[in-house]
Amino acid sequence: MPEPVPVTLVHGVRNSLVQLTHFIYGLHAIAVLIGVTSSATVAGGFVFGLPSLVAVLLNYLKRGDVNGTWLESHFRWQIRTFWFTALWLVVYGLLIITIIGIPVAWILIAILGLWVGYRVIRGWVALFGERPVA
């Protein structure tokens, strides 16, 4: 009879969930990179890029598995980053259609891109340190 495979835990959480969270941060980082290296903005690449869309879908699908653990804060962080970026892109869109708002829109999109990059890096660094993101 085969022996049961032991489950490896990282601070009380299955190692597979920690690896999944790394994978999700990686998808978000790829979306940011696409925004930096293409004609898309960082925020646009983050919200409308396939990597981030897959990442946020995984966040929602696996959120129940991390409830009550230190990984819950990472999932919440990733989901909020996605939706706040989407919200600010709507504001950007409203500003860009007015002549007076165009300069403000360009400043907003630059700041938003930096903010998205910061959120991905800060969250991933906290995950590497095996601690919740605050």
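**Close-up views of a predicted model**

**View 1. Contact between helices α1 and α3.** In this predicted model, the α1 residues L17, L20, F23, I24, L27, H28, I30, A31 and I34 meet P51, S52, V54, A55, V56, L58, N59, K62, D65 and V66 of α3. Sorted by class, this contact of α1 with α3 comprises 14 nonpolar, 3 polar and 2 charged residues.

**View 2. Geometry of the α1 and α3 pair.** The two helices, α1 and α3, pack with their axes 9 Å apart and at an angle of about 160 degrees. Because angles over 145 degrees count as roughly antiparallel, α1 is roughly antiparallel to α3. The crossing of α1 and α3 is left-handed.

**View 3. Helix α4 and its cover.** Helix α4 spans residues 72-96, a run of 25 residues. From its first C-alpha to its last, α4 reaches 36 Å, close to the 36 Å expected at 1.5 Å a residue. Buried residues in α4 are S73, H74, F75, W77, Q78, I79, T81, F82, T85, A86, L89 and Y92. The elements that cover them include α1 (15-37), α2 (42-48), α3 (50-66) and α5 (102-128).

**View 4. Surroundings of T81.** T81 is placed in helix α4. Its relative accessibility is 2%, and T81 therefore counts as buried. With neighbours within four places in sequence left aside, T81 is in contact with F46, W115 and R119. F46 falls within the range of α2 (42-48), while W115 and R119 fall within that of α5 (102-128); both α2 and α5 are among the elements covering the buried residues of α4.

**View 5. Backbone at E130.** E130 lies in the segment after α5. Most residues other than glycine have a negative phi. E130 is not a glycine, yet its phi is positive, at about 55 degrees. At 37% relative accessibility, E130 counts as partly exposed, because that class lies between the limits of under 20% for buried and over 50% for exposed.

**View 6. The chain as a whole, for orientation.** The chain contains 5 helices and 2 strands, and along the sequence these follow the pattern β-β-α-α-α-α-α. Its C-alpha atoms fill a box of roughly 70 × 25 × 20 Å, taken along the principal axes. The chain has 134 residues, of which 41% count as buried. Among contacts in the chain with a separation of 6 or more, 66% are accounted for by residues 24 or more positions apart.

Notes: Residues are numbered from 1 along each chain as its sequence is written. This is a predicted model: local features need pLDDT of at least 70, side-chain atom pairs count only at pLDDT 80 or more; totals for chains, interfaces and linings use all residues. Side-chain values use heavy atoms; hydrogens and water are left out. Helices (H or I, at least four residues) and strands (E, at least two) are DSSP runs, numbered from the N terminus. The expected span of a helix is 1.5 Å times one less than its number of residues. Buried means under 20% relative accessible area, exposed over 50%, partly exposed in between (1.4 Å probe, protein chains only). Contact means heavy atoms within 4.5 Å. Axes are lines fitted to C-alpha atoms, for helices over the stretch in contact, and angles run from 0 to 180 degrees between N-to-C directions. Angles under 35 degrees count as roughly parallel, over 145 as roughly antiparallel, 65 to 115 as roughly perpendicular and the rest as oblique. A crossing is left-handed if the near helix is turned anticlockwise from the far one by less than a right angle, and right-handed if clockwise. Ala, Val, Leu, Ile, Met, Phe, Trp, Tyr, Cys and Pro count as nonpolar, Asp, Glu, Lys and Arg as charged, and the others, Gly among them, as polar.
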